[in-house]
Amino acid sequence: MSEVTSYDVVRNDEEQYSIWEAGRELPPGWHRQDTRGTREECLAHIDRIWTDIRPRSVRERQARQA
């Protein structure tokens with residue numbers, strides 16, 4: 001029987017999302033969110049919530065220019 005790996009949804013300071021194996025230390029600038037599950041569950045969650053994939057700094061710069 002194979003073991004299922006759990007993942008956490010993580011977000012960086014530019015508000016970009018990814019998944020990271022649960023329990024592993026995150027690199028600087030990345031923060032765990034409130035979602036943990038299988039790889040597929042985490043990626044489906046990201047698909048639902050990350051509707052604007054532009055980095056935060058780009059969104060803010062474009063908003064100032066508008």
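A salt bridge, as the term is used on this tour, is a side-chain nitrogen of Lys or Arg within 4 Å of a carboxyl oxygen of Asp or Glu. The structure is a predicted model, in which local features need pLDDT of at least 70 and side-chain atom pairs count only at pLDDT 80 or more, while totals for chains, interfaces and linings use all residues. Residues are numbered from 1 along each chain as its sequence is written, and side-chain values use heavy atoms, with hydrogens and water left out.

**Stop 1: Glu15 and Arg59**

Select Arg59 and Glu15, which form a salt bridge whose closest N and O atoms are 2.4 Å apart. Arg59 belongs to helix H2 (residues 56-65) and Glu15 to the loop between S1 and S2, so the pair ties together parts that are 44 residues apart in sequence. Helices (H or I, at least four residues) and strands (E, at least two) are DSSP runs, numbered from the N terminus. Glu15 counts as partly exposed, at 24% relative accessibility, where buried means under 20% relative accessible area, exposed means over 50%, and partly exposed lies in between (1.4 Å probe, protein chains only).

**Stop 2: the hairpin and its strands**

S1 and S2 form a hairpin with four residues between them, and Glu15, in the turn, has a positive phi of about 65 degrees. The two strands run antiparallel and are joined by five bridges; strands are taken to pair if DSSP finds at least two bridges between them.

Now bring in S3, which is antiparallel to S1 and joined to S1 by five bridges. Five of the six residues of S1 are buried, so this strand is largely enclosed by the rest of the structure.

Asn12 is buried, with a relative accessible area of 11%, and its side chain is joined to that of Gln16 by a polar contact of 2.9 Å. A polar contact is a pair of N or O atoms within 3.5 Å; within protein, one must be able to donate a hydrogen and the other to accept it, and residues adjacent in sequence count only if both atoms are side-chain atoms. Leaving aside neighbours within four places in sequence, Asn12 is in contact (heavy atoms within 4.5 Å) with Gly29 and Trp30.

**Stop 3: Asp8 and two arginines**

Which residues are linked with Asp8 in a network of salt bridges? Select Arg32 and Arg36, which together with Asp8 make up that network. Asp8 forms a salt bridge with Arg32, the closest N and O atoms being 2.6 Å apart. Because Asp8 lies in strand S1 and Arg32 in strand S3, this pair ties together parts that are 24 residues apart in sequence.

The side chains of Arg36 and Asp8 also meet in a salt bridge (2.6 Å, N to O), linking strand S3 to strand S1 across 28 residues of sequence. Asp8 moreover stands opposite Arg36 in S3. Colouring these residues by accessibility shows that Asp8 is buried, with a relative accessible area of 3%, whereas Arg32 counts as partly exposed at 35% and Arg36 is exposed at 54%. Over the model, the count comes to five salt bridges.

**Stop 4**

Select helix H1 (residues 39-49), whose buried residues are Cys42, His45 and Ile46. They cover an arc of only 100 degrees around the axis, which puts them on the same side of H1; the arc is that of the directions from the helix axis to the C-beta atoms. The face turned away from this buried side carries the exposed residues Glu40, Asp47 and Arg48. What covers the buried residues includes strand S1 (7-12), strand S2 (17-21) and strand S3 (30-37).

Next, select Tyr7, Val9, Tyr17, Ile19, Cys42 and Ile46, the six residues of the largest nonpolar core. S1, S2 and H1 are the elements that give two or more residues to this core. A nonpolar core is a set of buried Ala, Val, Leu, Ile, Met, Phe, Trp, Tyr and Cys residues joined through side-chain atoms within 4.5 Å. With sequence neighbours within four places left aside, Ile46 is in contact with Val9, Tyr17, Ser18 and Ile19.

**Stop 5: Val4 and Arg64**

Finish with Val4, in the segment before S1, which is exposed with a relative accessible area of 60%. Val4 and Arg64 are 60 residues apart in sequence and 45 Å apart in space, C-alpha to C-alpha.
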